Structure formats: C-alpha cells, structure tokens
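Take a look at the sequence and the 3D view, then read on.

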Amino acid sequence: RAADTQQQAQAATGPVRLSDATLASLPAEVQRPAYDRDATTVGIVHFGPGAFHRAHQAAYVDDLLAGEPDWAICAVSLHSAGVRDALQPQDGLYTLALLDEPPRLRVVGAIREVLCAPQQREAVMARLADPAVRLVTLTITEKGYCLSADGVDAAHPDIAHDLAAPDAPVSAIGWLVAGLRARHAAGVAPYTMLSCDNLADNGLRLRRAVLDFARRLDPTLAGWIGAEASFPRSMVDSITPASDDALRARMADALGVEDAWPVQREPYAQWVVEDDFRAGRPAFERAGVVMSGDIADFDRAKLRLLNAPHSALAYLGSLMGLETVADAMRDAALAGFVERLMRDDIVPTLALPDALDADAYIAAILERFRNPAIAHRLAQIAWDGSQKVPVRLLGTIADALAAGRGIDRLCLVVAGWLRFVVRQARAGEAIVDPMADALTALGRDATGDADRDIAPFLKLDAVFAPLSSDPRFVAALTRAYAALGGGDRAAVASALTAA
Ligand code: CS2
C-alpha cells in the first residue's frame, strides 16, 4: 500500500530524483559522500562539466572533501544548459558507474553548484572573482582552447567576439581572462588554471593562449598574469564512454531513484599533475593523484600510446564496419596492427619516465581496450579528428622522420582518418568536427584516387603544417591511402595485415 501511494505520488510529480533528501534511501552498496556536504564551500571553478570531468576529476575531489571541505566545485557549462538542468534538481549529485563486473556505483557530491555561462553571466563572474576560488580547472576538449601555433587564434569567431566584448565572453579563454581582470582590479591574487584535456603540454599551451589574449586587451594585465599565475600541466586518463539511456535505466533500477545524468567509466583512472600551484591546492596526492615536477614524459606516453591507438581503432575499425573498441580489439588483423604500431613505431619516439615500463604499460592499455564490460563507441573517438590527429599522431611522425625511421604504419592511421572523412561525406553522414565544412567539401570531391585526393587535404594547414611540405610524409600518406583501397572491410583488413 505504501508502494501504491508512492507510485501515485510519482505519477503526479514525476519520478523521485536523486538528491540530498533521497541520498539516505539508496541501497547500502552504493558509495556516497563520506562528508557533510553542507559544510563544504566552493574553491574550484570547473569549465566543461561533461562526462569526463564528472567521472574523473570530480571523483578525486570527492575523495578529498572530508579532509578539505573548502575545495568543492562550481561547474560551469560554456554553451548548453543540459548539465545544469539535469543536476540542479539533484543538488549537484550524480552517479558514477565504475564498469567492473558487476559495476560499482558511487554517488559523487563534489559539485555544489552548476551554472550555464550564457544564462548566468553574473553568477559565473562572481565565482571567478571570489578570493575563495583559487583553482580553475578545464575539460573543454582540444577545440575549446582556440589555439594558434603559439598563442590564441584571434581569427576564431569566439575569440574575436571576446576581444571585442571582453566583459561578455563566450570562450573559455575569454572567461578566464575576464575573471583575472576582475581579480587584478580588486587586488585579489590570480587563480591557478589547470587544463585537464588531452593536449601535449596542455598547461603551457593554455598559458600561452591566456597571455596572448590578455596582451591584446591590456599588456599590464598580461604582465601580472605572467608573473603571478601558474598553469600546471596535467595528464588525465580514464576511459569514459558517453552516457546513454541504457545507463540511465540501469542506474534507476539500481538506485531506486532517478538520476537524469549518470556517468560511467572504467575502474582505472590516472591523474598526473605538475606541482605548480601558486594559489594553493588541495592535497591531491591523498586521493591518489601523482604530483610531479615534470610530467612531459607521462603526457606524451599517454597521448601517443593510448590516444593514438584509440584513434587508429576508431578510424580503421569504423571503415571495417565495427561498432566499439572491444569489437575492434576482437578483430585479429586490427588488434595485431595496433600492437605493432605501439611497440615498433611509437615506443621508439618516447622517453619513458622511470615509473613506466613500456611492455607493462602497453599490455595494460590493450587489456583496457579489450574490457568486455565497456561499450565504448568508435564513433565517439572518431569525432574531432582535425583536433586529435595532430596531437596524437603527427608529432610521432615528425619524430620518426627526424630519427630516420619508417612511418608507413603511422600514415596508415592518418589515411584511415581521411578515408573515414570521405566515406562520411559521400554517404551524406555528419562529420562532427570544428572543421566539418571544409572536411565535408573535400570528402565529397574525393575521387578515390590517392594522387588526386591527398593534395587538397594536405592544404589544411591547421592540421598538416609543417609536415605537408616533407616529401617523405606526402609519399607515405599517399601510399597508405592507396593501400586502403575502397576503404571497405576487405581492403582495410588486407592493408592492416600487410603493414
Ligand atoms: C578517447 C579519449 O574519445 C577519445 O578520443 O581517445 O577520450 C580516451 O578515452 C581518454 O583520453 C582515456 O583517458
């Protein structure tokens, strides 16, 4: 009868949601915040609270709040209101499913406030200006930085907008500098800015972008930021498939209440952070973060040995008609190719940190890719190729060329991306990429003939310069594109076996 009444109440008001009020009713095996949430205060502003942030950094912070209650997170979306609208009625709570067999569930409480920047400008500015906020973290994906080779891309529409209207920013860089300007004017020390995106030297690149932007507005401000603020580099790692309806349904079943936006990830997570926080920091190491003086080697090892093979599986696997990373790893030709790529082409370009044994690292990554408990769609990884391919592959190719080593296998992956673009464009399927218009046009014009198709792609300077002027690269890429034939399963499989 009580259940009947509850059902009637639900029918009238909608399902019971996860929230502070319903936290106590969750099944005992669901881990939940081990601290008094009301005693925590916001010390971190985070831009880009997508699944990755909520599955990774926010879970680390959640582990710290019991001892350090003044580092809770204010999560700010730069574009859409989706995260705020999902999490606000839940008091910022959401479920993280760790994809073991069976999955382990935890409710994360680290996010105390969720804002949507275009709709809540003043609230975002107030947080950025608040002296209690000493750290701003970012997961805005590669394209969110609007980078040029050595600063910020002033021709990018969002950056051009923000330079013209610095008090009404739309870009992450514009927001960071608006907040710093307010602090400078008020005599408040700058916050530390911590990029958690998959970019080589992410902190250095963020620093250059922020300083370049600030300099264009006010050189004094730029001088102050350059002297006072720090931009630690970080390496983040945890495989986080996008949330879907199946996850929502499973969580509702397991929790007995509804969570509008749960997230999921593999159990493994790593976070290596350069220890350069001039404005103070939480004791991250207590939550298992590796704090280090120099993280460049970790950074490159992860981007080159995990993300590049991921992209290889995504493009070549998609051409072969496969759906997920685990499916791709079950294809012997593709899995064998990726392992050769890692051992024979990528490892020789790396200076591995002492703490990292190449064989063990590779074996662990391949095992993670094979994880049958995770359905990580290749399409998710294939997005934003124009941003990912340079960071993940072209640096390795440049290093291999400089050392006089072969680049054929590496070029097969780049050619896989181009074939993928051509296939999508010709089929009228969407290409999710900030350069989608240019890529779609090139893809539609492609004839399938390698000698004709490669040259127009190589004119995409933002992707291919300066490698495009190296005849060895052009020749190897052309050969690889030709080897992929029509880009169908049989052609790809035989190219992989031969490589
Ligand atoms: C993936 C990454 O989507 C992608 O491009 O390669 O998100 C990858 O899963 C993470 O970097 C793993 O740490």
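Which helices do the buried residues of α13 pack against? They pack against α11, α12 (325-330), α14 (358-370), α16 (385-402), α17 (408-426) and α22 (489-498).

Before going further, some ground rules. This is a predicted model, where local features need pLDDT of at least 70 and side-chain atom pairs count only at pLDDT 80 or more, while totals for chains, interfaces and linings use all residues. Residues are numbered from 1 along each chain as its sequence is written. Helices (H or I, at least four residues) and strands (E, at least two) are DSSP runs, numbered from the N terminus.

**The annotated domains**

- UniProt, in an unreviewed entry, gives "domain: Mannitol dehydrogenase N-terminal" for residues 43-285. UniProt positions follow the numbering used here, feature names are shortened, and annotations may be inferred rather than shown by experiment.
- Residues 43-285 are 36% helix and 19% strand, and the end C-alpha atoms of this span sit 17 Å apart.
- The unreviewed entry in UniProt also lists "domain: Mannitol dehydrogenase C-terminal", at residues 294-484.
- Residues 294-484 are 71% helix and 0% strand, with 40 Å between the end C-alpha atoms.

**Around the ligand**

- The residues around the ligand are N198, D237, S238, I239, L306, N307, H310, Q380, I381 and K388. Being near here means that a residue's C-beta atom, placed from the backbone, lies within 6 Å of the molecule or strand in question.
- Helix α11 gives the most, with three residues.
- By type, the shell around the ligand has three nonpolar, five polar and two charged residues. In this sorting, Ala, Val, Leu, Ile, Met, Phe, Trp, Tyr, Cys and Pro count as nonpolar, Asp, Glu, Lys and Arg as charged, and the others, Gly among them, as polar.

- Helix α13 (residues 332-346) has 15 residues and reaches 20 Å from first C-alpha to last, close to the 21 Å expected at 1.5 Å a residue. The expected span is 1.5 Å times one less than the number of residues.
- In α13 the buried residues are L334, F337, V338, L341, M342, D345 and I346. Buried means that 20 or more other C-beta atoms lie within 10 Å of the residue's own, exposed means 12 or fewer, and partly exposed is in between, with C-beta atoms placed from the backbone.
- An α-helix has 3.6 residues a turn, so residues three or four places apart point the same way.
- Helix α7 (residues 172-186) also has 15 residues, and its span of 21 Å is close to the 21 Å expected.
- Because 11 of its 15 residues are buried, α7 is largely enclosed by the rest of the structure. Among them are W175, L180, R181 and R183.
- Just after α7 comes G187, with a positive phi of about 70 degrees.

**Buried spots worth a look**

- A172 is in helix α7, and it is buried, with 26 other C-beta atoms within 10 Å. A172 touches F47, L78, L138, I140 and G144, leaving out residues up to four places away in sequence. Touching, or contact, means C-beta atoms, placed from the backbone, within 7 Å of each other.
- V391 belongs to helix α16 and is buried, with 21 other C-beta atoms within 10 Å. V391 and A200 are 191 residues apart in sequence, but 6.7 Å apart in space, C-alpha to C-alpha.
- The largest nonpolar core has 148 residues, and I173, V210 and V414 touch the most other members. Such a core is a set of buried Ala, Val, Leu, Ile, Met, Phe, Trp, Tyr and Cys residues joined through C-beta atoms within 7 Å.

- The peptide bond from E101 to P102 is cis, with omega near 0 degrees. P102 sits in the loop between β3 (94-98) and β4 (104-108).
- Another cis peptide bond joins A465 and P466, and P466 lies in the loop between α20 (461-464) and α21 (471-483).
- T141 isn't a glycine, yet its phi is positive at about 65 degrees. T141 is partly exposed, with 18 other C-beta atoms within 10 Å.
- D384, in the loop between α15 and α16, has a positive phi near 60 degrees.

Key:
Two residues are in contact if their C-beta atoms, placed from the backbone, lie within 7 Å.
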